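User: I would like to learn how to read a few local features of a protein model, taking each idea in general terms before turning to the case at hand.

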Amino acid sequence: MKNHTFPHLQKRTRPRRRGRTRLFVLSAAFVASAATHPRLATPAYAQGAAAPSSRASAPRADAAAASAQAAPAHRFDIPAGTIGTVTGAFQAVTGFTVTLANDMIRDLPSPGVSGVMTPATALERMLAGTGVGFVFSTRDSVALDLRTSEFVAVAGIRLPEVASPKYTVPLRDIAQTIALIPRKVIEEQGVTTLSETLRNVPGITLQAGEGGGASNTAGDMFNMRGFNASNSLFVDGVRDDGLISRDVFNIEQVEVFMGSTGSDVGRGTAAGYVNLQTKTPHVGESHAALLTYGSADQKRLSVDTNWDLPSRPAGGWLNRSAVRLNLLWQDSGVPGRDVVALSSKAVAPSITMGLDTATRLTLAAQIVRQDNVPDYGIPGAAWPDAPLAPTTVRAPASVDRENYYGSVGYDYDRASQDSYTARVDHDVNRRLSLRNQTRVNTTHRDAVISTIQNVAAYNPDTNLVTIARQGNERENKVVSNQTSLVARFGTGRLRHASTVGVEYAFEEQFAPILTGLGTRAPVNIFAPNPNDVVTGFAPARTAAFNRGRSRTVGFYAFDSVELNARWQISGGARWEHYDTDFRAVDATGLITTDLEGADGLLSGKVGVLFRASETGNVYVSYGTSVTPPGSANFTLSAQANNQNNPSVKPQESTNYEVGSKWDLQGGRISLTGSVFRTENKNVIFTVDAAAIPPIYNQDDGQIVNGVTVGVMGRLTDRWDVLASLGYLDTRLQTQNAANNGRRLTLTPELSSSLWTTYRLSRGLTLGGGIRHTDAVWINAANTIQSPGYRLVDALAEYAVNTYLSLRLNVYNLTNETYIRNVNNNGGRYNPGSPRSATVTSNVRF
């Protein structure tokens, strides 16, 4: 009998990889040494989770924090040294009183600080990389103590901000809904992929793809606010093509920009886009490792280390340089799924020269390799509740949700990604800065899988399921160069914060057609044998392939204008010219499709913001985006009534939004809320498909009306929270009477997320979260549905000492049976994970 409480107690049948368990044991021994030798080296915040506090932070008043931020600037010239000596020099310069709440931090090294800045900024730089935070109890009294994470950058004084140079004002003053998921939350939740991280944002739903579909290993495919956003992923502001599951081991924060934002990134959907901000070197030594073991034999090790380069002569540019290295090793099963395995290795080195100088040069790379045993779910007939599709015939008895319908030794999913970035930042003066960034990214995925294609694959008379064999290979390449100029200036009484820039991008996708995938006999729905023989298995490329390329040149400009202390107007525009070509060749070498499309696109946005008080505002905004033919995978079609025909008009999206943002308790808490309406037009409707040529128009469209609310920050010195709720009222506007007025696919009416932690005394932190999503429709006719669900997760973290903390995560605490996603015809679904747990050691050395 299988144990359904904690699947790690079950015997797994997935293939074993020799040598990796030995690595994990050696890593565990290192964790033990950190626990027993508490003075190994300098503690750090490198993994986004610094040394946990063993006592409560000193009390602080909101007024004290706000007053400290507004204190006059001083000139600091404090050399590197211990925290004890550096804070002594700080007190001499400022006249402030500094208290060390934990005497262990007195001898920790500090990078020192130099330049003209406020005391709060000086403290932040003095403590960079030390794992020490600070809080103000009065305007000129501050306490230092160990901290658990970097969620609030300076002990609650400053909330996370958007990294893009296109946004030149604080998050509170941006007239747009933007969700930020900081590193602290990512680590506390124990999530490892982008798809898992995006569960914190309401209105985002994972896809299960077409008849073959996507799964645990097929990449980041999701809908946002009613629209497919899989092609709207960016890393450091550069589009990141490629069907790969993105790991977050090298991510500082995830930024989700809601609504039509074509002025930011060019062609896209009405939903918005997701940007991943990668980690970069910083001043000060910091070294940390996260070691995780959990249910389903999950094993994972990530390392994040940062160190200063050897000092050069004082005042030299290279004297302020640092190197950062992030490493990843993972060999895991999947809770609740037999055989499935996830294996990843990655390295991400980076170097920044000229830190805290007028000119900074950053060189970075990220190399990822994945070798997974793929999972394409179980038959829709196995779902015990309401049928997923109208034609679904349910199995006559219960089907084990852990059944694996793939083929061991024949199914594989291998992916690689190589990214290289060079970025130069130069401050011409205090009001003018220049940035140039070049990024080259290549992604390759090669997969052969067994799948359940549709409802008819299950035969209720024999209880056999037909297994289809499918192959997919893709090579993606992106070369991008961006140059932006940020200026702050005045024209009369008006104050401007402006950005202008130019961008060039070359994108290519090559998809060869595979043969020799083999044939597998039908399997019993109750007892599939993963070791069944696949006959004729000899996968190879044929001469057939598809290749799409796109070249884009874009120009953009943004400006935020302070009319007075109350009113701000912001806006931006982007014009770009794209040239896309697509070629398809069959197995004989004959060119079957050879098309090209080129055009100019204009997108823009404008917002008006009124500051109701010093801490809050209300705003109205308007934005547009354009989706031309070939936006997805650069695939063009010669079919007249196809949305990817170069001759049809691009889809145009418009977003109207009214919202309000408030920063409370000295900037420790951010409250947001908005009401919006998104319209997408120029959607094709075919009047007569049989006519030659087909008769069609572009008068269909989609509408989304919605409300979002959110809170992020530190409610008290001990209590952190990240919560959001979204309501979406969607409908399809179509001349097809059967579908007119139906809800858009993969769009829950109500969804919400709550994550909170509370720091108790003696180094113990407790927390958890609740995620809710309503049922979603899978097809336009609203006849295939994926049921809604509510999940509860829990967290307990304990600081053993300055150098080691232990964290327990329990997922799906109530052991709810639910569906992660359903493919587009209801033939199969991916079951959600049952109750599971992981234990993580956070070592600082």
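Analyst: We shall go through a sheet, some backbone features and a surface patch. This is a predicted model, in which local features need pLDDT of at least 70 and side-chain atom pairs count only at pLDDT 80 or more, while totals for chains, interfaces and linings use all residues. Residues are numbered from 1 along each chain as its sequence is written, and side-chain values use heavy atoms, with hydrogens and water left out.

User: What is the strand order of the open sheet of 5 strands, and which strands stand at its edges?

Analyst: Strands of a sheet pair through backbone hydrogen bonds, either parallel or antiparallel. Strands here are DSSP runs of E with at least two residues, numbered from the N terminus, and two of them pair if DSSP finds at least two bridges between them. In this structure the order is β8-β14-β15-β12-β13, with mixed pairing. β8 (178–182) and β13 (238–239) are the edge strands, and because each has a single partner strand, one side of each is left without a neighbour in the sheet. Within the sheet, β12 (residues 233–235) and β15 (residues 272–278) pair in the parallel sense over 3 bridges, and V235 is placed opposite L276 of β15.

User: Where do A296 and N812 lie, and are they buried or exposed?

Analyst: Buried means under 20% relative accessible area, exposed means over 50%, and partly exposed is in between, with a 1.4 Å probe and protein chains only. A296, in the loop between β16 (286–294) and β17 (298–308), has a positive phi of about 60° although it is not a glycine, and it is buried at a relative accessible area of 0%.

User: Which peptide bond is cis?

Analyst: The bond from I692 to P693 is cis, with omega near -5°, and P693 belongs to the loop between β34 (669–688) and β35 (695–714).

User: Which residues make the nonpolar surface patch?

Analyst: L563, W567, I569, V606, V608, V620, Y622, Y656 and V658 form a patch of about 720 Å². Its elements giving two or more residues are β30 (567–585), β31 (591–611), β32 (616–627) and β33 (651–664). Y656, in strand β33, is partly exposed, with a relative accessible area of 38%. Patch members have over 30% relative accessible area and no salt bridge, nonpolar side chains (Val, Leu, Ile, Met, Phe, Trp, Tyr) being joined within 5 Å; a salt bridge is a side-chain nitrogen of Lys or Arg within 4 Å of a carboxyl oxygen of Asp or Glu. Accessible areas come from the Shrake-Rupley method with a 1.4 Å probe.

Note on methods
Helices (H or I, at least four residues) and strands (E, at least two) are DSSP runs, numbered from the N terminus. Patches are made of residues with over 30% relative accessible area and no salt bridge: like charges are joined within 9 Å, nonpolar side chains (Val, Leu, Ile, Met, Phe, Trp, Tyr) within 5 Å.
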